[in-house]
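Student: Could you walk me through this structure with me asking whatever comes to mind?
Tutor: Gladly, and here it is for both of us to look at.

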Amino acid sequence: MKILICISNVPDTTSKINFTEGDTKFDTNGVQFVINPNDEFGLTRAMWFKEKQGATVHVATVGGAQTEPTIRKALAIGADEAIRVNAEPTDGFYVAKQLAEVVKNGGYDLVIAGRESIDYNGGMVPGMLATLLDMNFVNTCIGLEIDGTNVTAMREIDGGKEKLSTSLPLVIGGQKGLVEESDLRIPNMRGIMMARQKALNVVEPVEAAKPTQDQKFDKPAAKGPVKLVDADNVGELVDLLHNEAKVI
Amino acid sequence: MSVLVYTESFKGKFKKNAFEVVSYAYKVAQDLGTSVTAVTFNAENDAELGTYGVSKVLKIVDDQLATFNAKAYADALAQAAQAEGAKVIVLSTSADSKYLAPILATKLNAGFVPNVVAAPDSTSPFVVKRTAFSNKGFAHTEISSDIKVIGVSNNAFGVVENNTSANVESFSPSLSEGDFAVKSVEVDRVAGKVTIADADIVVSGGRGLKGPENWGMIEELADVLGAATACSKPVSDLGWRPHGEHVGQTGKPVASNLYIAVGISGAIQHLAGVSASKVKVVINNDPEAPFFKAADYGIVGDAFEVVPKLIEKLKEFKAQNA
């Protein structure tokens, strides 16, 4: 089984979010970039496929040279090889088109991407990729077992979960549940050393449309200070929620 | 040319988000000088959609579609969009809508923008406001493709009545075997509870509750308010509560009208997932808990004393306002 893990290079959750160039660009100044958390669950699940079922695991990202430390981290965690499509990922459809090309050229049976990136939160790349490639697709996947080409997957739905059966080739929109938080791996020294020797192939993008463009960003209005209610006067909270906030 | 809407239903009844996406679509249709066509799947009371601005219903009744199937639903919607010549398609941000929207957009060569929180900034060029950076920012995004797919954020636009008379027509999409290559084997849904996605109010508990045996008061508080229950990440990691209740960046997103956090300190990952809620209340014994900076109302106190009192006061309030 040949697996491709799609990785998004995203600002760490604790980053301050600011915009620059007249609020038209995200300000990366002082921001630490990491593997998108939803992608990391898929990467770890792929490591299990590699160790228990002899799978080959590649990682791919669409991004400039500045994303390479993040890709190297994925290699240090245990992926065998990496592909970087040298383009700015400004639109979900454009990114899906680039990844579709990588999948076609690499002949992957299974593609796992995160259900969404934590920066632009689009959540569209996995589904678009599956549709472009005419592969089966399971989103918000919280459990995945593969036997030959038979697939059993668990999907998170609103208010519960759903068990699905399908077959390879398959695209997964993954999240926590594929593996648990405690299963995530931190690269060790040996992994980091080995990652330096692994192939990181840079490919140029294919021509593709960008049907959406972010024109401008802004931040939520500054919130006023919290209104504190005395613990001995809980009734006041009920009043405020009814008369002031009008939510009950 | 109409604006097309995917209206979600469960066991024949429309979900609240169906009325919200219709309300949104009506606004867009007015801006574009056209009308709203809704697509329904095995729904019972199609004419009800007229209340919120639907002029025409394409009613699909098909046993194959009794259980949600993303690819088949997307295929049906794409065919409806083509039949109507729809240029704008509106859906929600439910798990099902997020599953099918990218498939639908790709089939129609359409640009897709999810998490939209307001009526379009303009319709020529077509620009919508959406959340980004886990609710720490907004993007104003132009959709330049001929067909546009918009995912409306829960509780952002609200349900608006636009009394219209809905003309119901039956619609039979032609579905192929390939549409059902992913099969539903079993659906495991907690019965009789409000889901986090549909809830107006969410009551959430954290590690401050000390153990799963203390969740009774969270459930009772939720019960009084008709709210959904949720929990923080450590609580689900510890196995005190099911994973499906975990809200936050790597859990479920919350965009309720009221979010009540009990014994949750407010780690940045938690706040990222819940900050789209309109009004946030925090109950915590630590006045330094970061959640107090993000909340609108707060009580510094022991949850084991405050929550039972709050339940009692809410019951009194409900008795008076019944």
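Predicted model: local features only at pLDDT ≥ 70, side-chain atom pairs only at ≥ 80, totals over all residues.

Student: OK, how many helices and strands does chain A have?
Tutor: Chain A has six helices and 15 strands, where helices (H or I, at least four residues) and strands (E, at least two) are DSSP runs numbered from the N terminus. Its C-alpha trace spans about 65 × 45 × 40 Å along the principal axes.

Student: And what share of chain A is buried?
Tutor: Of the 248 residues in chain A, 48% are buried. A residue is buried if 20 or more other C-beta atoms lie within 10 Å of its own, exposed if 12 or fewer, and partly exposed in between, with the C-beta atoms placed from the backbone.

Student: Why does Lys104(A) count as exposed?
Tutor: Lys104(A) counts as exposed because it has 11 C-beta neighbours inside 10 Å.

Student: Which residues of H4(A) are buried, then?
Tutor: Helix H4 (residues 125-133) of chain A is mostly covered, with seven of its nine residues buried; these are Val125(A), Pro126(A), Gly127(A), Met128(A), Leu129(A), Ala130(A) and Thr131(A).

Student: What covers them?
Tutor: The cover includes strand E1 (2-6), H3, strand E8 (110-114), E9 and strand E12 (170-174) of chain A, together with H3 of chain B. After H4(A) comes Asp134(A), which has a positive phi near 55 degrees.

Student: Switching to strands, why is E10(A) called largely enclosed?
Tutor: Strand E10 (residues 150-157) of chain A has six buried residues out of eight, so it is largely enclosed by the rest of the structure.

Student: Which strands does E10(A) pair with?
Tutor: E10(A) pairs with strand E9 (residues 136-147) of chain A in the antiparallel sense over six bridges, and with E11(A), also in the antiparallel sense, over eight bridges; two strands pair if DSSP finds at least two bridges between them. Gly143(A) has Met154(A) as its bridge partner, and Thr152(A) has Ser165(A).

Student: What about the turns?
Tutor: E9(A) and E10(A) form a hairpin with two residues between them, and Gly148(A) in that turn has a positive phi of about 65 degrees. The hairpin of E10(A) and E11(A) has two residues between the strands as well, and there Gly159(A) takes a positive phi near 85 degrees.

Student: How many residues of chain B are in contact with chain A?
Tutor: There are 74 residues of chain B in contact with 63 residues of chain A, contact here being C-beta atoms, placed from the backbone, within 7 Å. H3(B) gives the most to the chain B side, with nine residues.

Student: Last topic, what are the domains of chain B?
Tutor: The domain assignment gives domain 1 (3-180) and domain 2 (201-320), with bounds that come from an automatic or database domain assignment. Their C-alpha centres lie 32 Å apart, and the contact between them takes seven residues from each of the two domains.

Student: And which residues have the most contacts inside the largest nonpolar core?
Tutor: They are Ile5(A), Val22(B) and Val90(B), in a core of 170 residues; a nonpolar core is a set of buried Ala, Val, Leu, Ile, Met, Phe, Trp, Tyr and Cys residues joined through C-beta atoms within 7 Å. This core draws at least three residues from each of domain 1 and domain 2 of chain B.

Methods. Residues numbered from 1 in each chain as written. Chains lettered and ligands numbered in written order.
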